[in-house]
Amino acid sequence: MIMKKALVCGAGGFIGGHLVNRLKSEGYWVRGVDIKENEYGNTNSDEFVLGDLRDVNLVKQVVTSDLDEIYQLAADMGGAGFVFTGDNDADIMHNSALCNLNVLEEMKRKGVKNVFYSSSACMYPEYNQMDPDNPKCSEDSAYPAAPDSEYGWEKLFSERLYLTYNRNHGFNSKIGRFHNIFGPQGTWKGGREKAPAAICRKVAMAQNGDVIEVWGDGTQTRSFLIVDECVDGIRRLMESDFAGPVNIGSEEMISIQNFTRLVMDISGKDLSIKNIEGPTGVKGRNSDNKLIKEKLGWAPSIPLRNGVEKTYNWILDQIKVTENV
Ligand code: NAD
Ligand code: GDD
């Protein structure tokens with residue numbers, strides 16, 4: 001059997017690192033590219049290129065005609081503390097769009113046509129995510145478009161960009177809309193961390209009797225997907241004859257207050273919650289997995305608690321390592 005060759009853009013990041021490992025376990029030859037090394041040494045690619053995908057010359061170097069597939073995960077990315085403050089909007093739109101524009105154009109030049117693009121649930125309209133108990137995120141509810149962040153608008157623009165290459169240049173672009181992916185090796189400190197890692201960190205660092213600060217009133221809802229199932233979803237989509245866009249997320253919706261209680265329960269610590277002001281994003285969000293079930297005959301199924309236990313223990317270990325330095 002001929003070994004398939006893949007390029008993972010954003011291989012130094014969280015999901016990219018896990019995806020490289022998955023592709024290697026499937027027997028792929030993998031080239032990774034990222035502007036930074038993977039902090040947790042999680043990139044087992046055959047070749048790792050440290051470089052900036054905003055630079056056309058770097059893109060010419062990494063997008064080669066012998067590639068069977070490209071996975072484009074590079075983006076200026078973060079949790080609510082990064083994407084919803086407004087302070088990073090120009091960078092987010094400029095940097096992420098440039099990566100997508102450059103990669104696609106070079107693929108066209110080199111005749112590479114199979115690509116996965118990582119979109120986000122943040123592209124769904126805010127008006128369908130105002131009720132924390134009944135958010136609507138079915139794929140066909142994307143328009144009229146009204147994302148609540150520039151990050152979401154860039155994702156929507158880039159989705160459309162990939163689809164134009166399908167229509168005009170015979171590309172086989174596949175689009176997954178990720179819903180808050182978490183797990184070991186994810187960003188857990190520094191300002192870009194998402195709620196699962198942030199809350200696990202706060203709880204892991206607390207002593208009995210401490211107070212955990214949670215942004216917003218805690219009634220906002222989300223669903224969180226463990227990274228292993230995200231990577232599974234990416235691979236299943238790539239192997240299918242369906243292009244998407246399709247949600248890759250969990251349907252196990254939970255309020256942020258209850259999520260915090262879940263982490264506290266896992267920790268076994270006696271803690272209380274204080275709700276404070278902070279960037280909150282939409283009031284409610286949940287994956288809708290009707291389409292993925294219909295098209296791929298599969299949907300994520302790992303219970304939230306299992307993923308949180310794994311992540312909490314990993315963050316606890318990271319804190320111990322950091323404290324020993
Ligand atoms: P991440 O930040 O860990 O990974 C993104 C990687 O892209 C980083 O390592 C970063 O250095 C790299 N990158 C950014 N700009 C680059 C550039 N100019 N050149 C080269 N590399 C560059 O984030 P992640 O959680 O692994 O997310 C991967 C993708 O999935 C992103 O496109 C993100 O927007 C999307 N996504 C993630 C989530 C989530 O919950 N994690 C949700 C929705 C969508
Ligand atoms: N990050 C963070 N840190 N969020 C907190 C905290 C905290 O300490 N405390 C409470 N929250 C709340 C946020 O205010 C928000 O309402 C909710 O937890 C979820 O926050 P995040 O996990 O940071 O982001 P998100 O779900 O709103 O959006 C994320 O997921 C999208 C995909 O579903 C972002 O990472 C987006 O970039 C991503 O595309």
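Reply: In this predicted model, a backbone N or O atom of Gly78 lies 2.8 Å from an oxygen atom of ligand 2. Two side chains make further polar contacts (pairs of N or O atoms within 3.5 Å; within protein, one atom must be able to donate a hydrogen and the other to accept it, and residues adjacent in sequence count only if both atoms are side-chain atoms). Lys202 places a polar side-chain atom 2.7 Å from an oxygen atom of ligand 2, and for Arg222 the corresponding distance is 2.9 Å, again from a polar side-chain atom to an oxygen atom of the ligand. On its own, ligand 2 has 710 Å² of accessible area, of which the protein covers 98%; such areas come from the Shrake-Rupley method with a 1.4 Å probe, and for residues only the protein chains shown count as cover.

The numbering runs from 1 along each chain as its sequence is written, with chains lettered from A and ligands numbered from 1 in the order in which they are written. Local features need pLDDT of at least 70 and side-chain atom pairs pLDDT 80 or more, whereas totals for chains, interfaces and linings use all residues, and side-chain values use heavy atoms, leaving out hydrogens and water.

The shell around ligand 2 holds 27 residues, and Ala80, Ser120, Lys202, Pro279 and Thr280 are the closest; a residue is near a molecule or strand if one of its heavy atoms lies within 4 Å of it. By class, 15 of the shell residues are nonpolar, seven polar and five charged. Here Ala, Val, Leu, Ile, Met, Phe, Trp, Tyr, Cys and Pro count as nonpolar, Asp, Glu, Lys and Arg as charged, and the others, Gly among them, as polar.

As to secondary structure, helix H3 (80–83), helix H6 (195–205) and strand S8 (211–215) each contribute at least two residues to this shell. H6 gives the most, with four residues. Helices (H or I, at least four residues) and strands (E, at least two) are DSSP runs numbered from the N terminus.
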